[in-house]
Amino acid sequence: MAERGRRTARAAFGDWRGRRPFWGGLLLALGGAEILLTEKASLKVVMHIGMQGLAGYLLPALMLLLGLLVLFNPAQRLFYSIVGVLVSLGSWLTSNLGGFFLGLLLGVVGSCLAFGWLPDQEARVSRRQRRREHAGA
């Protein structure tokens, strides 16, 4: 019985994930979180805090927020992804070289994935499945 409940929850999550740019939003949010974590690094590691320290915390927090907005409001994904890539690139100047490049790359790749996501695209069929259908016909 518990196996069936877990399977339906997994299927429900898969359906929810399929209706939005999940990986793009997740990578954008992870990029913002990574940059926020590098802001707390020791002074020996920190290279550059940024414009009076405020933008160093504001831009990664905005990246995190935009990643969550892409996940929970996919209808506005184009606007969020454009702002996300601009904020990610701005973190290069304000936040330890974009969280030592990792947060910057996660943010840019996530924004690009969210921008390129198409909501009404048919599910792809694997080559193996196409061969089976062709052999059966």
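Tutor: A residue counts as exposed when its relative accessible area is over 50%, and as buried when that area is under 20%. The model here is predicted. On one side of helix α6, L105 and G116 are exposed.

Student: Which residues of α6 are buried?

Tutor: They are G103, L104, G107, G110, S111 and A114.

Student: How do you know that the buried residues of α6 line one face of the helix?

Tutor: Viewed down the helix axis, the buried residues of α6 lie within an arc of 140°, so they line one face. Those buried residues pack against α2, α3, α4 and α5.

Student: Why is E34 called buried?

Tutor: The cut-off for buried is under 20%. E34 has a relative accessible area of 17%, so E34 is buried. This residue belongs to helix α2, residues 22–39. Leaving aside residues up to four places away in sequence, E34 touches G98, G99, L102 and G103.

Student: Why does F101 count as partly exposed?

Tutor: Partly exposed covers what lies between buried, under 20%, and exposed, over 50%. F101 is at 41% relative accessibility, so F101 counts as partly exposed. F101 sits in the loop between α5 and α6, and has a positive phi of about 70° although it is not a glycine.

Methods: Residues numbered from 1 in each chain as written. Predicted model: local features only at pLDDT ≥ 70, side-chain atom pairs only at ≥ 80, totals over all residues. Heavy atoms only, no water. Helix = DSSP H or I, 4+ residues; strand = E, 2+ residues; numbered from the N terminus. Buried < 20%, exposed > 50% of the residue type's maximum accessible area, 1.4 Å probe, protein only. Contact = heavy atoms within 4.5 Å. Arc of directions from axis to C-beta.
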